[in-house]
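Dear colleague,

Please find below the structure that I am handing over to you. The notes that follow it set out what was found, arranged by region.

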Amino acid sequence: MRTFSLEDVMSVEEFNNEIQKRRTFAIISHPDAGKTTLTEKLLLYGGAIHLAGSIKSRKTQRHAVSDWMEIEKQRGISVTSSVLQFDYDGCRINILDTPGHQDFSEDTYRTLMAVDSAVMIIDVAKGVEAQTKKLFKVCKQRNIPIFTFVNKLDRYGKEPLELMEEIESVLGIRSYPMNWPIGIDGKYKGVYDRQKRQIELFDEDATHGQKERTSVTGDITDPQIAELLGVTAQQALAEDIELLDTAGEAFDLDKIAHGELTPMFFGSAMTNFGVQNFLEEYLKLAPPPAPRNSSAGLILPDNENFSAFVFKIQANMNPAHRDRLAFIRICSGKFERGMSVYHHKTNKMIKLSQPQQFLAQERQIIDVAYPGDIVGLFDPGVFGIGDTLCDAGHKFDFADFPVFPPEKFARVQAKDTMKRKQFVKGITQLTQEGAVQLFQQAGAGMESYIVGTVGNLQFEVLEYRLKNEYGVDILMQMQHYEVARWLVNKDGSEVTPESLRGTDRGMFVYDMKQRPVLLVNNEWALGWIVDNNPDVDLFHVPPDK
Ligand code: G4P
C-alpha cells in the first residue's frame, strides 16, 4: 500500500479524490463541424466564460495564417495549444483543444496522446469527414473511449441510422445512441432521450437555447406525445426506438471503456440543444486518468511519485522574450510549483518554477496539479516532445510516444548563404521541438534540407519562426511526395541508394539519425518498390521507435 510522507498534508483519500474527479479529453472533428462552438458551450455551462462568442471571435480569421499568428500574439496564449480547464458537477475538466486549422499538424495528433478520452463531433449533414477519420485512427490505436456528438441537428441532416452505418463502415466502430432525433426525412424537431424516456423539442422561436424547452416524459405511445409530434412523426419514432432496442447494439460500459463502442448523442451546439445533457452523461461515462506504460511497467495515477511527459512545445510568439512553453501531462503523483524533477533525457534535475494553467482564455500561475492535469512549463530550451519528467528516486521513461509519418515535403534552404549557421541552428531546434521532421537528400550538398510535415500549415509556421526567432529568410520548394518509408534490409545490412531497386522512382533521403528513408509520390509507387525489393523491410516510422 502506498503512503505519503509525513510532511505531506494531503491524505491518500484526498489525493485519490482529486484523481477520480478529473476528465481529460480532446474534441476531434473536421473543420466547421462545430468544435469551437461546442467547446464554448461546455465552458459556458462550466461557468468558465460568461459570454458566448469570446472564443468564437478567434475563428473568423482562422484560415489566414498570418492573421493566425497575430491572434496568437494578441491572445497571449497560443490558439494551437489551448488547454482549457473548468469544474462541473464535482468534476475537474481539462479540454485539450486540437487545432482547428484546415491544415493540421503533428501537434494535433500528439495532443491525443495526452487525453483519456475523445469527443468526436460529426456534422449531421456531412457525416464522417476526412480529418475526423485521421484523428479517430489515432484515438483508436490508443483504445481510448470515444464519444460521438452529432451536431447541427437544428438543420436538415442525414438519417440517424445512415449515420450509424457510416460510422461503422468508415471508422469501424459501432455506436450506441443515447438519444434519438425526432423528425421525418432529416427535418428534425428534437430528440428522444432513451435513458429518461423523455422527448425534448426545439424552441419554436429560435432563441439560441436561452428559453425553456418543451419536454414530455413518457412512453412513445403516449397521446400527449402524438399531439406534440403529429401522428406520423410519433409512429416513425416508435418504430426507430423499437428497432434500436431489439436489433441495436446493447449498452456495454466495458466496450465503451475500450473504445469498441461509441455512445452517440444528437444535438445542436449552436442552439445549446442537448449540450448540457451530453456533458452530464459524458462525465458519468468517461474515465478518470488512466495508467500509462513506461520502461518501469505500468504507472498508476495514484502512485505518489510525480511523473509527467511533454506532449507539446509551443514557442511564444513574442520574439523579444523567446520564451517557450512545454506542455506536460501529469501521469502520477502531485505536482507542486518549484519542485525539482528528474529529466530523463538529459539525466539532470530540473526545477519547475513557472507552471501555468489555462482557465478559459487566461493563463495563471498554479501551485498544485494532479494526474490528468495539463501544465505549461517555461522551457529554457531543454525539453523535447515525449520527454519524461519523474521523481529522482524512481527513474523511468514513458514508453509509447509515437512518431507520425510525414505526408508533405519541401526542400528548404536559407535565402542568404551567409545566414547558413543560424539556419541550421534554427531548423535543428525546431526539429527537436517536434515542429517538423528533417531529412537530407542522399548525395546532395549540405546547403538544403528536406522538411517533412503532416500538414501545410507547419511549413508556414516554420518559415515564420525561422524569420522571427532566428532572423533567417528561407527558400522553400514543395516536393510532390506523399509517402515516406524507413528502409532496412532483412539481413540487417544498410539499404543504400545503389542497393535499392527503383531509387529513381522517388527521393532517397536520410533522417537526422542517418537512417535511410525513401520518399515516393503515392501508394502505387510504393507498391512497385515493395514488389521489386523483396529483401527490404519498409516502415511507416523509424524502425527503432
Ligand atoms: P469548428 O471549430 O469545428 O471549425 O466549427 P465552428 O464551431 O466554428 O462552427 C462552424 C460553423 O458551424 C459556424 O458557422 C457555426 O456557427 C456553425 N454551427 C456550429 N454548431 C452549429 C449547430 O448546432 N447548428 C448550426 N446550424 N450551425 C452550427 P459560421 O457561419 O462559419 O460562423 P458564424 O458566422 O456562425 O460564426
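Where is the place of Met-418? Met-418 sits in the loop between β24 and α11. Please bear in mind throughout that this is a predicted model. Is Met-418 buried or exposed? Met-418 counts as exposed because it has 9 C-beta neighbours inside 10 Å. A second residue, Arg-142, is 276 residues away from Met-418 along the chain, and the C-alpha atoms of the two are separated by 46 Å.

The overall composition is as follows. The protein has 545 residues, of which 44% are buried. Its secondary structure comes to 13 helices and 31 strands. Considering contacts between residues at least 6 apart in sequence, 70% join residues at least 24 apart.

I turn next to the sheet that includes β24. Eight strands form an open sheet, with antiparallel pairing, in the order β27-β24-β26-β25-β29-β30-β28-β31. Its edge strands are β27 (474-479) and β31 (536-539), each of which pairs on one side only. From one strand to the next, the twist averages 40 degrees. Strand β24 (residues 408-414) runs antiparallel to β27, and 6 bridges join the two.

Helix α11 touches β24, β25 (437-441) and β26 (448-453), and its direction makes about 130 degrees with that of β25. Helix α12 touches β24, β26 and β27, and the direction of α12 makes about 170 degrees with that of β27.

How do these two helices meet? In general, two packed helices are described by the angle between their axes and the distance between the axes. Here, the axes of α11 (residues 420-433) and α12 (residues 457-470) come within 10 Å and cross at roughly 125 degrees. That angle makes α11 oblique to α12. The crossing in which α11 passes α12 is right-handed. On the α11 side, the residues that meet α12 are Gln-422, Lys-425, Gly-426, Ile-427 and Leu-430. Their counterparts in α12 are Leu-462, Arg-465, Leu-466, Glu-469 and Tyr-470. By class, the residues of this contact divide into 5 nonpolar, 2 polar and 3 charged.

Helix α2 (residues 35-45) is mostly covered, with 10 of its 11 residues buried. Among the buried residues of α2 are Lys-35, Glu-40 and Lys-41, as well as Leu-38, Leu-42, Leu-43 and Leu-44. The threonines Thr-36, Thr-37 and Thr-39 of α2 are buried too. What do the buried residues of α2 pack against? Their partners are the strands β1 (22-28), β2 (83-88), β3 (91-96), β4 (117-123) and β5 (146-151), together with helix α10 (275-285). After α2 comes Gly-47, which has a positive phi, near 75 degrees.

Strand β15 is joined by 6 bridges to strand β22 (residues 374-379), and the two run antiparallel. In this pairing, the bridge partner of Ala-326 is Leu-377 in β22.

With kind regards

Terms used. Residues numbered from 1 in each chain as written. Predicted model: local features only at pLDDT ≥ 70, side-chain atom pairs only at ≥ 80, totals over all residues. Axes fitted to C-alpha atoms, helices over the stretch in contact; angles between N-to-C directions. Helix = DSSP H or I, 4+ residues; strand = E, 2+ residues; numbered from the N terminus. Parallel < 35°, antiparallel > 145°, perpendicular 65-115°, else oblique. Left-handed = near helix turned anticlockwise from the far one by under 90°. Contact = placed C-beta atoms within 7 Å. Nonpolar A, V, L, I, M, F, W, Y, C, P; charged D, E, K, R; others polar. Pairing = 2+ DSSP bridges. Buried ≥ 20, exposed ≤ 12 C-beta atoms within 10 Å, placed from the backbone.
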